[in-house]
Amino acid sequence: MKHNFGAGPGILPHEVLKQAAAAVIDFNGTGLSLLEISHRSSEFEAVLDEAVSLVKELFSVPEGYSVLFLQGGASTQFALAPYNLLPDGGKAAYLETGVWANKAIKEAKFFGDVEIVATSKESNFTYIPTNYTIPTDAAYFHITSNNTIYGTQLQHFPKSPVPVVCDMSSDIFSRTVNVADFGLIYAGAQKNMGPAGVTLVIVKDDLLGKTGRKIPAMFNYQVQIEGGSMYNTPPCFAIYVSMLTLKWLKAKGGVPAIEAENNEKAKVLYEEIDRNPLFKAVAAVEDRSRMNVCFVSENPEHEKPFLKLCDEKGIVGLKGHRSVGGFRASIYNALPITSVYVLIDAMREFAEKNK
């Protein structure tokens, strides 16, 4: 058995994989593969409708918001958010908490002025900045809720005088959020919601159509809303797997239930890291991510042998990002707590052997 701690594409529920595999051969008794049916067919339209409905139900999306399933990953949304929300000559505010926030900042500069209200770059993003002021003349304030590379996470979302735009790619559906506190939420699916290839967008309708610029159809949220996420052929398979994953989440008790599981997984793993003399967490305690647990060896020479031990125990995806090194245990929704205990046992065994 493999214990998949990979940062993304991340682990998916086994039952979802089985259903998706069957649909590749014969989708819902049609005699056709899901990969070859028309996206305009009633069968696929039902899939998309259910996926949208599940997002609205699980996240309690209020009236006045639209749910989209788009292509291009969250990296495309780095540009589409300002393209659709930042008026010509306007200003947007950004909180710089890591690589992905920095990339979003670079894209926004193509469309207007960008004010970085705070950054933790000087510490290699080991904490989330606080005590900053959000400018009231900004069109929106952009944040990244969870930073996969550095293992930091906003534990509380800031109160903002302007609409909040949030990249939730790596912790979407992992915890309860109040959608009404945001103007725009976007997330690549491949951490907690489905496979790579589709991106979720939840946008407040009354923010659109105010930039004063012409936007090409594929990049225009309003056009995508009017087309029901099908202005062009959507990523049907990725949407289907996302729908199955959302159904799985609903059956488990929804977001509150999975949040409790995620909190417990993070709690026991951080406790072991703090207790074990051979390892050390890298993120500030108050900003520790409950999705990506980043830690290092106290002795750098232990890194390779520990990864070798993990490999022998079926623990995969633990190597840290190249920019920070060490280890990164991504404990997304579908990872069972039993896998976390396998990792903890490996850490204890390694410590015993290397006293």
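Let's start where two helices meet: the axes of helix 6 (residues 236-251) and helix 7 (residues 254-275) come within 7 Å and cross at roughly 80°. Here axes are lines fitted to C-alpha atoms, for helices over the stretch in contact, with angles running from 0 to 180 degrees between N-to-C directions. Helices (H or I, at least four residues) and strands (E, at least two) are DSSP runs, numbered from the N terminus. Helix 6 and helix 7 are therefore roughly perpendicular to each other, a label given to angles of 65 to 115 degrees, while angles under 35 degrees count as roughly parallel, over 145 as roughly antiparallel and the rest as oblique.

A word on the model before we go on. It is predicted, with local features needing pLDDT of at least 70 and side-chain atom pairs counting only at pLDDT 80 or more, whereas totals for chains, interfaces and linings use all residues. Residues are numbered from 1 along each chain as its sequence is written, and side-chain values use heavy atoms, with hydrogens and water left out.

Back to the helix pair. On the helix 6 side, Trp248, Leu249 and Lys250 meet Gly254, Val255 and Ile258 of helix 7, where contact means heavy atoms within 4.5 Å. The residues of this contact divide into four nonpolar, one polar and one charged. In that count, Ala, Val, Leu, Ile, Met, Phe, Trp, Tyr, Cys and Pro are nonpolar, Asp, Glu, Lys and Arg are charged, and the others, Gly among them, are polar.

Now step back to the domains. The chain is assigned domain 1 (14-251) and domain 2 (253-353), with bounds that come from an automatic or database domain assignment. Their C-alpha centres lie 27 Å apart, and the contact takes 27 residues from domain 1 and 26 residues from domain 2.

What lies between them? The largest nonpolar core has 92 residues, of which Phe69, Phe173, Ile202, Leu269, Phe306, Leu318 and Leu343 touch the most other members. Such a core is a set of buried Ala, Val, Leu, Ile, Met, Phe, Trp, Tyr and Cys residues joined through side-chain atoms within 4.5 Å. Buried means under 20% relative accessible area, exposed over 50%, and partly exposed in between (1.4 Å probe, protein chains only). Helix 6 gives the most to this core, with 10 residues. Domain 1 and domain 2 both give residues to the core, so it lies between them. Leucine 318 shows how one member is surrounded: leaving aside neighbours within four places in sequence, its contacts include Phe5, Phe306, Leu307, Cys310 and Leu343. A second, separate core of 26 residues includes Leu68, Val201, Leu207 and Tyr221.

Phenylalanine 173 is found in the loop between strand 8 (164-167) and strand 9 (184-188), and counts as buried at 1% relative accessibility. Serine 60 also has a positive phi, of about 50°, without being a glycine. Its place is in the loop between helix 2 (42-58) and strand 2 (65-70), and at 56% relative accessibility serine 60 counts as exposed. For another backbone detail, look at glycine 8 and proline 9, which are joined by a cis peptide bond with omega about -5°. Proline 9 sits in the loop between strand 1 (3-4) and helix 1 (14-25).

Asparagine 262 is in helix 7 and is buried, with a relative accessible area of 1%. Beyond its neighbours within four places in sequence, asparagine 262 is in contact with Ser174, Arg290, Met291, Ile331, Tyr332 and Asn333. Serine 289, in the loop between strand 11 (279-281) and strand 12 (292-297), is buried at 0% relative accessibility. Not counting residues up to four places away in sequence, serine 289 touches Asn146, Gly151, Thr152, Gln153 and Tyr270.

Glutamate 298 lies in the loop between strand 12 and helix 8 (303-312) and is partly exposed, with a relative accessible area of 46%.
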